[in-house]
Structures are given as structure tokens and as C-alpha cells.
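Please have a look at the sequence and the structure first, and then I will walk you through a few places in turn.

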Amino acid sequence: IKTPAFETPYQASSLVDISPQELYYPIVLKDTYGLLMAVLPASHTLDFSRLESLLHRSCELALKTQLSSAFSDFQPGHIPPFGEAHGIRTVIDAALTVPETVYIVSGDNTRLIRLSRKDFMLLQANAWLADGFTSPLEQLEFEGPDTVESEYSMKYRLRDRIEQIREIPPMSEIGQRIFDLH
């Protein structure tokens with residue numbers, strides 16, 4: 001499905017007038033075992049503490065460099081939710097058992113792919129279907145679909161900015177003296 005350019009999955013669902021519960025997107029994380037993909041509907045946001053509790057270990061967002069090497073064929077931030085195809089462990093929100101039709105990001109910000117739920121799950125045969133690691137966006141306060149920003153989006157943008165820092169500016173003489181005292 002061709003769409004106008006979109007930034008977030010929630011925005012994509014509103015641009016093509018589909019339910020956010022039917023549009024699934026991935027969040028790529030890193031834990032002690034490597035990369036992990038969490039797949040959730042655009043109507044929800046990832047709850048890191050619940051996911052960590054479910055996994056019995058901590059996890060964090062994957063670094064941009066890890067994403068670009070694992071998903072070099074796709075536009076950053078628009079990875080299709082098929083971790084299994086890339087050898088990445090995948091956990092899917094159990095809410096996926098509800099919609100008959102599922103929409104996913106195609107790898108760029110101008111197209112979506114429509115699949116039956118059955119076909120999507122066949123492509124994810126080894127994925128873990130789990131409940132309780134997401135929170136509905138209705139529980140968050142927002143002004144409209146363009147202002148919704150998940151915890152993931154904020155952390156990803158912050159991490160992206162930090163990764164872009166190439167050189168730390170020189171420390172002032174007073175700062176250096178204070179640093180040397182410690």
C-alpha cells in the first residue's frame with residue numbers, strides 16, 4: 001500500500017485510515033544474549049520494565065550501528081517486523097491474535113504491506129507470542145496522532161544524537177583544574 005511519507009507507525013495508520021491495532025512494527029533491543037525484536041501494534045507503546053520482567057533480564061535499545069549492519073537493506077526506523085528472517089529472537093504482542101488483517105512497514109517510510117494474520121504468524125513460526133509487555137496509547141495523554149511519541153521514540157532519538165557526537169569540545173581551563181582535583 002503506497003502511503004504519504006510517515007515518521008511513526010501511529011502516523012502511518014492515520015494517513016491510510018487503518019486501525020492502529022492492525023499495524024505492527026518492531027523495536028529492536030539488545031540484551032545479554034544479543035539482539036531481540038519486540039513486535040507490537042501502533043496502538044501500543046513498549047513498556048521496558050514489563051518486558052524485562054517477562055524476560056527476567058535487562059534490555060536496552062539496540063545501537064544505530066547494530067541496526068544498520070543487521071538491516072542495511074532498509075530505511076532506518078522503518079524495519080519490517082521479521083526478526084526471525086534475520087536470525088533475531090522475536091517476541092510478538094499477543095494482541096496480534098485479534099485482527100484478521102495485519103499491516104506492516106515495508107522497509108521505507110512510504111509503503112505498508114498487508115498480510116493475513118495467519119500468513120504473518122507463519123513467517124514468524126519461532127517467535128514468542130507474549131502478553132503484558134506493552135501499554136495502550138489510550139493510557140497516555142496526547143493531543144493527537146502527530147504528538148504521540150513513545151518512550152522508544154524518545155530514547156532512540158536521544159541515542160541517535162549521542163552517537164552522532166564525534167568529538168567532545170575542549171575543556172575550559174577552570175574545568176580542567178576541577179577535574180584534576182578529583
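Predicted model: local features only at pLDDT ≥ 70, side-chain atom pairs only at ≥ 80, totals over all residues.

Leaving aside residues up to four places away in sequence, Thr 90 touches Leu 36, Met 37, Val 39, Gly 83, Glu 84, Gln 124, Ala 127 and Trp 128. Thr 90 is found in strand β5, and with a relative accessibility of 4% Thr 90 counts as buried.

Let me step back to the chain as a whole. Its secondary structure comes to six helices and nine strands, and of its 182 residues, 42% are buried. If we take the contacts between residues at least 6 apart in sequence, 68% of them join residues that are at least 24 apart. The accessible surface comes to about 10,700 Å², and carbon and sulfur atoms account for 54% of that surface.

Now to the interior. In soluble globular proteins, nonpolar side chains tend to be buried together. Here, the largest nonpolar core has 23 residues, and those with the most contacts inside it are Leu 29, Leu 46 and Leu 51. Two or more residues of this core come from each of β1 (23–31), β2 (34–41), α2, β4 (59–61) and β6, and β1 gives the most, with four residues. Apart from this core lies another one, of 17 residues, which includes Tyr 24, Ile 79, Phe 82 and Leu 96.

Helix α2 deserves a moment of its own. Within this helix, which covers residues 48–55, Phe 48, Leu 51 and Leu 55 are buried. How are these three placed around the axis of α2? They cover an arc of only 65 degrees, and therefore they sit on the same side of the helix. After α2 comes His 56, whose phi is positive, near 65 degrees.

Next, the aromatic rings, of which the structure holds two pairs. Phe 71 counts as buried because its relative accessibility is 2%, whereas Phe 74, at 24%, is partly exposed. In the pair of Phe 82 and Phe 120, the ring centres are 5.6 Å apart and the planes stand at 45 degrees, so this pair is tilted. Because Phe 82 lies in the loop between α3 (64–70) and β5 (89–93), while Phe 120 belongs to helix α4 (residues 117–122), the pair ties together parts that are 38 residues apart in sequence. Both Phe 82 and Phe 120 are buried.

Finally, I would like to turn to a pair of strands. Strand β6 (residues 101–105) and strand β7 (residues 112–116) run antiparallel and are joined by five bridges; in β7, Arg 114 is the bridge partner of Tyr 103. The two strands form a hairpin with six residues between them, and in the turn Gly 107 has a positive phi of about 120 degrees.

That is where I will stop, and I am glad to go back to any of these places.

Conventions: Residues numbered from 1 in each chain as written. Heavy atoms only, no water. Phe/Tyr/Trp six-rings, centres within 6.5 Å; stacked < 30°, edge-to-face > 60°. Buried < 20%, exposed > 50% of the residue type's maximum accessible area, 1.4 Å probe, protein only. Arc of directions from axis to C-beta. Pairing = 2+ DSSP bridges. Contact = heavy atoms within 4.5 Å. Areas by Shrake-Rupley, 256 points an atom, 1.4 Å probe, with all protein chains shown as cover. Core = buried A, V, L, I, M, F, W, Y, C linked by side-chain atoms within 4.5 Å.
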